[in-house]
Each structure stands twice: as structure tokens, then as C-alpha cells.
Amino acid sequence: MAKMWAGRTDGVTEKIADDFNSSIAFDSRMYKEDICGSMAHAAMLAKCGIITDAEADVLTEGLAGILSDLESGKLSVDMTAEDIHMFVEQVLTERVGDVGKKLHTARSRNDQVALDLRLYLRGEINSICEKLKRLTSVVTDKAEEYKATIMPGYTHLQRAQPVTFGHHLMAYAMMLLRDIDRLSDTARRMNVSPIGSCALAGTTYSTDRRFEAEKLGFDGICLNSLDGVSDRDYAAELLSDISIIMMHLSRFSEEIVLWSSWEFKFVELSDAYTTGSSIMPQKKNPDMAELVRGKVGRVYGDLMGLLTTLKGIPLAYNKDMQEDKESVFDACDTVKMCLDVFCGMIETMKAIPENMRKAAGGGFINATDLADYLVVKGMPFRTAYKISGSIVAQCIKEGKVLETFPLESYKEYSELFDESVYGAVDLDSCVNRRISEGGTCVASVERQIAEVRDLLK
């Protein structure tokens, strides 16, 4: 394909240089954004009297035809083209003649690619947010199913205090809500139009950038033309948002891997989201969770790659910035796939309440409640803490738990103990007395579920 920029040079480059310079292999996915942006640009040029209404109609009809043919498969992207912008302009000129050469008036590929990327990533954010909302809903439904199922809560991966499985799951729902909020913030900052910044300095034509921005659904325009073509903060910010989403999914994956092991056996994953071993017939491997956990490194690499690319670039546009797309496209593709897999994996996951309850019965996770029992009866907390620790030590020595420790033995530590101590250390009681807002009692979990569902609406 002939070089549209031939003039200052003869436009002839070595094939290896062409291949190295070309971005069509990855920026061709922005064909729709490029064409829609060009339609809005043609309308603006006509509004400002830079081209005639008739010429704008020819350009718009030609562009609409290219879009239709690409989407139907009648036209294929020429992979020998330098980039998607040059491909569309070349095909348009072939179809409508010299009027096609007027389309690029008052713009540059520098602001055109910045426009295409913002439009494309705006759509990607919407798609990721919808998938996050679906996963949040799935997690919330699962939390409701197990809102009263007692399990040990952990700190330092040591049994700490009793919680419900529903409460534990709702912690992830809260993370996912923050992910949606972060993406919404990024979308708001992203939603300003760079088109009309041209190469870097604006244009001598009397254009209407705000008209063009409004036609494309932007909230406003980039106020400085140098910044308009060189800003990729939104891409880095989106990669940061996606990295945090992936970190959340990885933490969840790690727990699923632990919970589904024979050592825990708190959950059973569906056969549809596990694999077997080629040599060990007994195996049921949580490969989907492990792959999600593994793909986090890939996305972190995308973020660090873009930040490193951007860190030394002087204003305004430099060819280095062509490297912005593959990383952000890869991260978007990766997180969407992970969210889809996660939805199915969580939706089909079944808890094993009896194993959770059995684990909660060991490890003295009701020791804090024993101390609180004494505090309610008037003992200072630190004294009560020491007595409870001493009782735990004796239980371990005698092979007992707090629920079976004899009352006469309790009384050796304090006369404040009576029969009511057994109700205080009962696991169900321990859970349902945690009535503070956001706590693990069933009523609190129900409120969390209701609030999340309300937010999702």
C-alpha cells in the first residue's frame, strides 16, 4: 500500500522497517472507533465551512460503507497497511475519489490515534464494569446461600475468630464494588476529546472542537493541544485499575485453592472448572483459579511496560507511544476472560459446611469471647485476656476445648465464671453476638447483601 505521508521523502522503506513500524496487527481492532471518529470529523468540517455539506455526505456514506463491509466480512483489513488510520483513508479515497483526501484536513494521526484509543477504552471500561457487576452479583448470591455457615476466620493463616462463609464472601463483594468505582473514575477523566489538537500545536483552520467532541459523546475537550496528543495517563490509570482487579481475583483464587485442598476441604469446585492429572487419577486440580492467579503477573507487566515507555518521552508525540496499545489491549482481554471464568467457577462452587464447622471447633477461636465474658462481668480486659490465655494453655495440655472445660476448672481462674460461660463460648453465639455494623452476625451479613444489591441496581 502506498504511503499517504510520501512527499518529504519518497515513501519507500525497507520491508523490515515497514514491518517494524507497522501497528495494523494490533490497532486494527479500533476500526469502528476510527471510522466513527472520522464521521464526526467530516460533520465538523462541514459545519465550519471547511468542506461542503455535499462533500461531508460523500465522506460519511463512504465511511459507513467501509464500516458495514468490515463488519460483514466483505472487506478485510489489509495487514500490509501501516496502521488502521491509513487503511481506512486509503480505502475511502479509492471508493469516493479525491474528496476522500479532504477528510484529514485539520487533524493529524497524532490526535486521531489519541481519539481512537480513548473511544475504544471507554467501551472496554463499560464491558469490564458489566462483568464486575455480574461477578459481584454471583458472589453476593453465594454469600446469601451461606450467610449462617460458620467457618474459622484467619489472621496470619492461623485460626483467629469465628465468622460465617457469607461474611467472608461479602469481603470480596466490597473489593469488586471498589473496582467498579475506580473504573468509573478513570472513565470520567478519560472522557475528554483530543481531536483537533492536530500534530501538537492545533490548526490554522477555524474548527469547532467542542461540536466534534459532543457528537462523539465526550464531556469536553483536552484544553492543551500538546497534552491532547501526548497524554496517556488514562491508559496507565486503566492498567492500574485492572492490576488491582487482578490482585483481588488472585487473593480470591488463592483462598479457593486452599479451600478446595484435602487439607481444608471447605469447598468443592465443579468438574466444569477443574482438570485432572495425566498420571494421578485421583486428582481434581483448581486450574482455573491457578491460571487467574498466574495471569496477574502478565497484567502487572503490562502496567510496568507502559509506565516505563512513557517515563522518558519529551512532549509531544513520539513513536514510542505506539507501544501503548498492545499492553492495554492485553490487560483488557485478560481481565475480561478472568472475570467470565470466575463467574462460572463461583456460581457452581459448593461449600462443605460440616468441614467448616469442624475446623471452627478447633483452634480456640472463641478465646476472645471468653475474655469478653469476663469483661462484661466487670474484669479489666487485659486481666481477662491473660486468664483466657492461661485457660487455653491448660485446655491444650489436657486435650480439651473451651466448650468442654469443666466449670470447676474455670472457677479456679475466677469466681466470675458460672454456667453461662458455655453459652458465651458457643460458636453460634460467638458469631451472632458480633452485632457491630459490618460484622459477621447473620443480620449484619443480610444488611451487607441488601446494600450491595441496591448499589448494583
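Q: Where does Ala316 lie, and what kind of peptide bond joins Leu315 and Ala316?
A: In this predicted model, Ala316 lies in the loop between helix H11 (287-310) and H12. The bond joining Leu315 and Ala316 is cis, with omega about 10°. Most peptide bonds are trans.

Q: What makes the phi of Ala106 worth a remark?
A: Ala106 is not a glycine, yet its phi is positive, about 65°. Most residues other than glycine have a negative phi. Ala106 is placed in the loop between helix H5 (84-96) and H6.

Q: Is Ala106 buried or exposed, and how do you know that?
A: The relative accessible area of Ala106 is 8%. Buried means under 20%, so Ala106 is buried.

Q: What is the phi of His156, and why is His156 called exposed?
A: Phi of His156 is near 60°, a positive value in a residue other than glycine. His156 lies in the loop between S1 and strand S2 (158-164). Its relative accessible area is 75%, and exposed means over 50%, so His156 is exposed.

Q: How many aromatic pairs are there in the whole structure, and why is the pair of Tyr120 and Phe329 called edge-to-face?
A: The search finds 12 aromatic pairs. The ring centres of Tyr120 and Phe329 are 5.1 Å apart, and a pair needs centres within 6.5 Å. Their planes stand at 65°; over 60 degrees counts as edge-to-face, so that is the name of this pair.

Q: Which parts does the pair of Tyr120 and Phe329 tie together?
A: Tyr120 lies in helix H6 (residues 109-145) and Phe329 in helix H12 (residues 324-347), so the parts tied together are 209 residues apart in sequence.

Q: Why are Tyr120 and Phe329 called buried?
A: Tyr120 has a relative accessible area of 11%, and Phe329 has 2% relative accessibility. The limit for buried is under 20%, so Tyr120 is buried and Phe329 is buried.

Q: Why is the pair of Tyr146 and Phe165 called tilted?
A: The centres of these rings are 5.7 Å apart and the planes are at 55°. Stacked is under 30 degrees and edge-to-face over 60, so the pair of Tyr146 and Phe165 is tilted. Tyr146 is in the loop between H6 and strand S1 (150-155), and Phe165 is in helix H7 (residues 165-190), 19 residues apart.

Q: How do you know that Lys265 lies over the face of Trp262?
A: Lys265 is at 4.4 Å from the ring centre; the distance limit is within 6 Å. Lys47 likewise lies over the face of Phe211, at 5.3 Å from the ring centre.

Q: What volume does the second largest pocket have, and which residues are closest to its centre?
A: The second largest pocket has a volume of about 280 Å³. Of its 15 lining residues, the closest to the centre are Ser260, Ser261, Trp262, Lys265 and Lys284. The lining has five nonpolar, five polar and five charged residues.

Q: Why is Pro406 called partly exposed?
A: Pro406 has 23% relative accessibility. Buried is under 20% and exposed over 50%, so Pro406 falls in between and counts as partly exposed. Pro406 is found in the loop between helix H15 (381-398) and helix H16 (407-413).

Terms used
Residues are numbered from 1 along each chain as its sequence is written. This is a predicted model: local features need pLDDT of at least 70, side-chain atom pairs count only at pLDDT 80 or more; totals for chains, interfaces and linings use all residues. Side-chain values use heavy atoms; hydrogens and water are left out. Rings of Phe, Tyr and Trp (its six-membered ring) pair if their centres lie within 6.5 Å; planes under 30 degrees apart count as stacked, over 60 as edge-to-face and the rest as tilted. Helices (H or I, at least four residues) and strands (E, at least two) are DSSP runs, numbered from the N terminus. Buried means under 20% relative accessible area, exposed over 50%, partly exposed in between (1.4 Å probe, protein chains only). A charge sits over a ring if NZ of Lys or CZ of Arg is within 6 Å of the ring centre and within 35 degrees of the ring normal. On a 1 Å grid over the protein atoms alone, a cavity is a set of points where a 1.4 Å probe fits but cannot get out, and a pocket is an open set with protein on both sides within 12 Å along at least five of seven lines; lining residues have an atom within 4 Å of a point. Grid points are joined across faces, edges and corners, and a volume is the space filled by probe spheres set on the points. Ala, Val, Leu, Ile, Met, Phe, Trp, Tyr, Cys and Pro count as nonpolar, Asp, Glu, Lys and Arg as charged, and the others, Gly among them, as polar.
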